[in-house]
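I opened this entry to keep track of what I looked up. The notes are in the order I took them.

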Amino acid sequence: MTVFEELKARGLIAQMTDEAEIQELLDNGGAKFYIGFDATADSLHVGHLLQLIIMRHLQLAGNIPVALLGGGTTMVGDPSGRSDMRQMLTPEEIQHNCDRFKAQMGKLLDFSEGRAVMVNNADWLLDLKYVDLLREVGACFSVNRMLSAEAYKARWEKGLSFLEFNYMIMQSYDFYRLFIEHGIRLQCGGDDQWSNILAGTELIRKKTSEDNRAGENAYGMTFKLLLTSEGKKMGKTQAGAVWLDPDKTSPFEFYQYWRNIDDADVLSCLRMLTFLPLAQIDEMDKWTGSELNRAKEILAYELTALVHSPTEASQAAETAKALFTAGSTADMPTVTLADADLTDGGIDILALLVKTELCPSKSEARRAIEQGGVEVDGEKIDNFGVSFTAAELQGDGVVLRRGKKKFCRVVLG
């Protein structure tokens, strides 16, 4: 099976500009392709993970991934998939985020000489003169066509700033620069980037026609977004995004996220996110009942090993097993309380459930207790008046659990 056939078999590919040409380009090996990553946060998250895994598939097949850091485009903000304008970041914040991305990408991709390339579009976008850019590429864009793009249509009624309107031009210009200077003929990305990618291929065709190069071809390919069987984006929890940075989402929390996904999602995640042979995954498709829990454990281990390390994955698996058997607190998510969180030297169970974010409100905490879904150190709580003193929260603290999947250790700092 070629790498292109494997991407299709794993259900990863969404849209392409020219399937036959792209297949030949990738299956022959040695092709440079790029994916852009805007630096909107100080860590990559699960939404980026799929893109990195695809880059790894293609790299293992002998192709050369180019990771484009959006030091310039982040200054504008991509309106795709947004109902409002993104928060404006300072140049210093953007550079800090780019630096963090570099370290995280290095865990999944081999950036040794000739194997992969990392570039930053701040190197060319931030020095552009506005009138010069308009003269160079402005005539290549139709406003009517731009407004028909899904990313713009979705924002039209609520308001689309002129700043964001320029994002498609900037992303297209990125592709043009990378095509000219690095010989990159293929841009990849999530399916929400389809309009932007098409605009880039069209810009390259028009500009190379002007240069008497017979309108050279560049290609675009998008990948399916990481969605649940209900159509919701994966990688979100009550506490927020699932990050690749271990300081923001610990390896144990990362493992538990995948261990606790819905039964309906486990097989698609195994196909799309792991490097396990497809024949092995197809066998798991026959599993039912408790066997699906084993499939989730395999998924959680494979992804934690990939993003963090096999050692961290093994420790997370052992901690999860111990937690549900002997109640071990090793490596468990921990919430540290301050003295200011206590009232008269203690904290009641309702406040504790809210403080640890196991419940969003005290009314929800009451319902959880009434339904018998709250335990402390393995004992069910059935009294709203239960409270914990500073002495009880010292040392190893207490293990607080809501339901089967939400739990943490609570200590007093």
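My notes on the whole chain come before those on its parts.

**Overall**

I am working with a predicted model. I checked confidence before anything else. The protein averages a pLDDT of 86, and 91% of the residues score at least 70. Confidence is lowest in helix α8, residues 150-156, with a mean of 66. Strand β6 has the highest, at 97.

I counted 18 helices and 15 strands in the protein. The C-alpha trace spans about 80 × 45 × 40 Å along its principal axes. Of the 413 residues, 47% count as buried. I also looked at contacts with a separation of 6 or more: residues 24 or more positions apart account for 72% of them.

**The six-stranded sheet**

In which order do the six strands of this open sheet lie? I read off β1-β6-β5-β2-β3-β4, with mixed pairing. The edge strands are β1 (13-16) and β4 (117-120), and each pairs on one side only. From one strand to the next, the twist averages 25°.

Strand β3, residues 64-70, runs parallel to β4, and four bridges join the two. Leu-69 stands opposite Asn-120 in β4.

Next I asked what packs on this sheet. Helix α10, residues 167-182, touches β2 (32-38), β3, β4, β5 (186-190) and β6 (219-223). I get about 145° between the direction of α10 and that of β2. Helix α11, residues 194-210, packs on the sheet too, touching β1, β5 and β6. The direction of α11 makes about 170° with that of β6.

**Arg-177**

Which residues does Arg-177 contact, leaving aside its neighbours within four places in sequence? I found Trp-124 and His-182. I also checked the distance from Arg-177 to Asp-99. They are 78 residues apart in sequence and 22 Å apart in space, C-alpha to C-alpha.

**Helix α4**

I moved on to helix α4, residues 91-105. Its 15 residues reach 21 Å from the first C-alpha to the last. That is close to the 21 Å expected at 1.5 Å a residue.

I listed the buried residues of α4: Ile-94, Asn-97, Cys-98, Phe-101, Gln-104 and Met-105. Why do they fall on the same side of α4? They cover an arc of only 120° around the axis, which puts them there. On the other side of α4, I noted Glu-92 and Ala-103 as exposed. I then looked for what covers the buried residues of α4. The cover includes β2, α3 (46-60), β3 and β4. Strands β2, β3 and β4 belong to the six-stranded sheet above.

**The five-stranded sheet**

The order is β9-β15-β14-β11-β12, and the pairing is mixed. Strands β9 (334-337) and β12 (379-380) stand at the edges. Each has a single partner strand, so one side of each is left without a neighbour in the sheet.

I looked inside the sheet last. Strand β11, residues 374-376, pairs with β14, residues 398-402, in the antiparallel sense over three bridges. Glu-375 stands opposite Arg-401 in β14.

Conventions:
Residues numbered from 1 in each chain as written. Predicted model: local features only at pLDDT ≥ 70, side-chain atom pairs only at ≥ 80, totals over all residues. Heavy atoms only, no water. Pairing = 2+ DSSP bridges. Axes fitted to C-alpha atoms, helices over the stretch in contact; angles between N-to-C directions. Contact = heavy atoms within 4.5 Å. Expected span 1.5 Å × (residues − 1). Buried < 20%, exposed > 50% of the residue type's maximum accessible area, 1.4 Å probe, protein only. Arc of directions from axis to C-beta. pLDDT = per-residue confidence, 0-100.
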